[in-house]
Each structure stands twice: as structure tokens, then as C-alpha cells.
Amino acid sequence: RPPKLAFDSKNQPKIAIVVGAGLAGCFTAFHLAKFGWEVHLLDSNAEICQEASGNLAGLLHPMPSSDDNFLSQLSKMGYFSVLNLLEKLNENSNNLSNLKYKKSGILHLANTKELFLRQQKIIENSIFPSEHLQLLNATEIENLCEISLKNKDFGGLYFPHAAYINPKSLCQTLLNIYKKQIIFHPNFAVEKIHYDKKNQQFLVENFDISASVLVLCTGAKNLISENFALPIKAARGQVSVLNNNLHNIKIAKSSIPLISKSGYIIPNIKDEITLIGATFEVDNLNKNVVFADNLINIQNIQQFLDDFYPQNISETSVKARANLRAISPDRLPICGQMIDFSKLSLLKNKCKTPKLNALPRINGLFCLNALAARGLIYSNLLAEFIALQVENLPSNLPTSWSQAIDVGRFYL
């Protein structure tokens, strides 16, 4: 059970507001609705998943390490939570009308001897069961994917149950399951939030409905006032969309995504389309497509694939999408009940080194943010974590994990 927090939802109407309708916000709305909450999902865009969650496809795969560190364990748990969710959705065909995903398997290539040795250790240490993780040599990879690797000395890790998913289709599927309880409010930019302490209600400016729970899933937009600001930076990423026929992509027969340190490629995802990416520039806030970044993405794939020489590349022939990902100073997610900054200085005057569970919190205010490029891996697990906190139920995360991602870690 997580540390006892100030929030108690028992005597409050079960009305929640979630700000931000990307992966984090939609999963949060879904898990709150499962517990009977009426959820108002607010977003400044006309549709869901228009910011960092709006790419044509995202990769669902864990990130194992040879020592099975915290990130390795968190990504493993998040990965399996989404696989289990997809299985449950598959049990009811009515849930799948909008869902676009493929359990293609995913390969993580080792382009150096050092990385390949680390991958061998992951296998030796049995970080994953063998049915979920295999080490392949270069020849096995080439045969499996019908490709030619530039470096044939090393292989890579193969995740046979990993998938690529259209994030918007997944989010829409989740919202449709509880469409009577989740109300989406498009084109609503949240600028100010007020907290009525006496009645324990949150009031969003120019919004008629108050709520006893409010969850900030605002991504790189952060928010809203200094009272609720998080220590988040934005990282710009651009993904390039190639047409297999127009650009003469010879990898078109394969459907297994390949990941390398230099970039990733999702071949033949639909209608002869191949996706490659992605650039990563911290503090670059430009959301416009830059043609030079398409060339960088192509060059990055050429570092590990032979015969990848797209033709007819021009500013008009290559489609692309650029957006901002939210990252924290330590690159971990930020999740849990928000700090009451107005009381924080008083606490620090009394105690120079306050403990995490002693930090003052705002009743009913939570956040799920800084998922970087890992929204598909983390959103389901961490949104459920918040919903369980709201319901004051036992946590789905070990206490040390919840402390590692707690917003309060930046204010100790």
C-alpha cells in the first residue's frame, strides 16, 4: 500500500477532470472510468492525440538491461501490462473496430561489440523468459526480416511479442469502452485552475463543471501557472514518412521494426508506407517540419541497413511530423499526487531534509507526465497507479518505484 496521502475521495462526488488527451490523459480517463468516475477530458486540440501521441505508429517494447535496473523493471512491467490489455480487448471484438496494431515482433540491433556483449548478458541473466526475448545473430536477423545488415559481426535482441500501435486508435478504443462516463471536450485550452479548499473542488476557468479530482497530463505544454508547474523540458522529435514505391524502399517485404542506437524503422506499416525516425533535440520548441531532419533520419537508417537508398527525396515527396516530448531532469516519468508549493517553504524552514511522504500535497490533484518517447510503455501502468491512489487501494507499484517517479523527488 502506498504512503497515506492527504486525499480522501470517499465523501466527494466521483467527478474528475483530466487535462490533456494524449496517451497519458486517455489512459488516465479510462482507469478512472473503470472505478465509476465521470471523467471530463479537456484538450486544446480538436481531436485526441494531436501532440506527441499523434504519430502514425509507436513501438511497444521493453528496455531490458543486464543488471535489470529500475528502468528495465518499470519498462518490463509496463510492457506486459499493455500486452495483457490488448489480450483483453481482443476477447471482445466490439472493442477492436478502431484499434490499429500489429504484433510484428521488434528487433533491437547491436551495432557495436560492447552493446552485443551487454545483450548477451541480458540473455545469460534471464532478465526475460525465452519466449519473450531471444538473441539472434546477424544471419538469423537477415533471414527473418529479409534485409541486409551493414554490420554482420553482431546481431540483436528479438522481442517476438512486441508490437507497433497507432496511438490514437488505441486511445479511441479505450474511450469508447466507457463512452457514457468519459466526456471529451475538444478545443478547450486550460489556462487557469482554482482550488476551492472549503469544498475540496477544482474549478477550471470558463468550464462549468467542478471536480474533486484533477489530473494533469499536459506533456511538454506543462502548465498553466507557477503553482502547478513541473520541472519539465521539451525535446523535439521529427518522424519521416516514406512511400515504398515512390521512394524505392527495398525493405518493403518485411514488417518487423528495427531499432538501433542511431534510429528506428517501421517498414510497410500500411498502404506501402515506411516510418523512420526520430530526431531528438532538447529545448528545441520548433514544431514545424524541417526537411534537413528527414535527411538525417534517412542517414541514420543507412548506418545499419544496406541497400537503403531512398529515391526521389524532396521537400514535397517526403511527409513528416514534428512534435515535442516531455522529459524530466532525470529522464524518469513524473507521476502521483502534486506538491502544495505554497506550504513547501514552511516545511523546509522546519526541517532541512524533509522525507517524501511528509511533503505537503494538494488534495485531489495528480499528474502523469514526462513520458518522453515511452508513452506506449508507461501510460497504462502509471494511469492505473493514479486511479488506485484516487481510490485509496493498494498500489500496483512497489513503494520504492512510486517514490522514484514521485514529483516530490525534485523538492527534497
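The model is predicted, so local features require pLDDT of at least 70 and side-chain atom pairs count only at pLDDT 80 or more, while totals for chains, interfaces and linings use all residues. Residues are numbered from 1 along each chain as its sequence is written, and side-chain values use heavy atoms, with hydrogens and water left out. The protein chain contains 9 helices and 20 strands, where helices (H or I, at least four residues) and strands (E, at least two) are DSSP runs numbered from the N terminus.

**Overall form**

- The radius of gyration of the protein chain is 22 Å, which agrees with the value near 22 Å for a compact globule of 412 residues; the radius is taken over C-alpha atoms, and the globule rule is 2.2 Å times the number of residues to the power 0.38.
- Taken along the principal axes, the box filled by the C-alpha atoms is roughly 65 × 45 × 45 Å.
- Among contacts (heavy atoms within 4.5 Å) between residues at least 6 apart in sequence, 76% join residues at least 24 apart.

**Burial and surface**

- Of the 412 residues, 55% are buried, where buried means under 20% relative accessible area, exposed over 50% and partly exposed in between, with a 1.4 Å probe and protein chains only.

**Strands β1 and β2**

- Strand β1 (residues 15-19) pairs with β2 in the parallel sense over 5 bridges, and V19 stands opposite L42 in β2; two strands pair if DSSP finds at least two bridges between them.
- Because 4 of the 5 residues of strand β2 (residues 38-42) are buried, β2 is largely enclosed by the rest of the structure.

**Strand β5 and its partners**

- Strand β5 (residues 106-109) runs antiparallel to strand β7 (residues 156-159), to which 4 bridges join it, and Y158 in β7 is the bridge partner of L107.
- With strand β14 (residues 258-260), β5 pairs in the parallel sense over 2 bridges, and here L107 stands opposite L258.

**The β3-β8-β4 sheet**

- An open sheet of 3 strands has the order β3-β8-β4, with antiparallel pairing.
- Both β3 (58-60) and β4 (101-102) stand at the edges with a single partner strand each, so one side of each is left without a neighbour in the sheet.
- Strand β8 (residues 163-165) is joined to β4 by 2 bridges in the antiparallel sense, and Y164 in β8 stands opposite K102.
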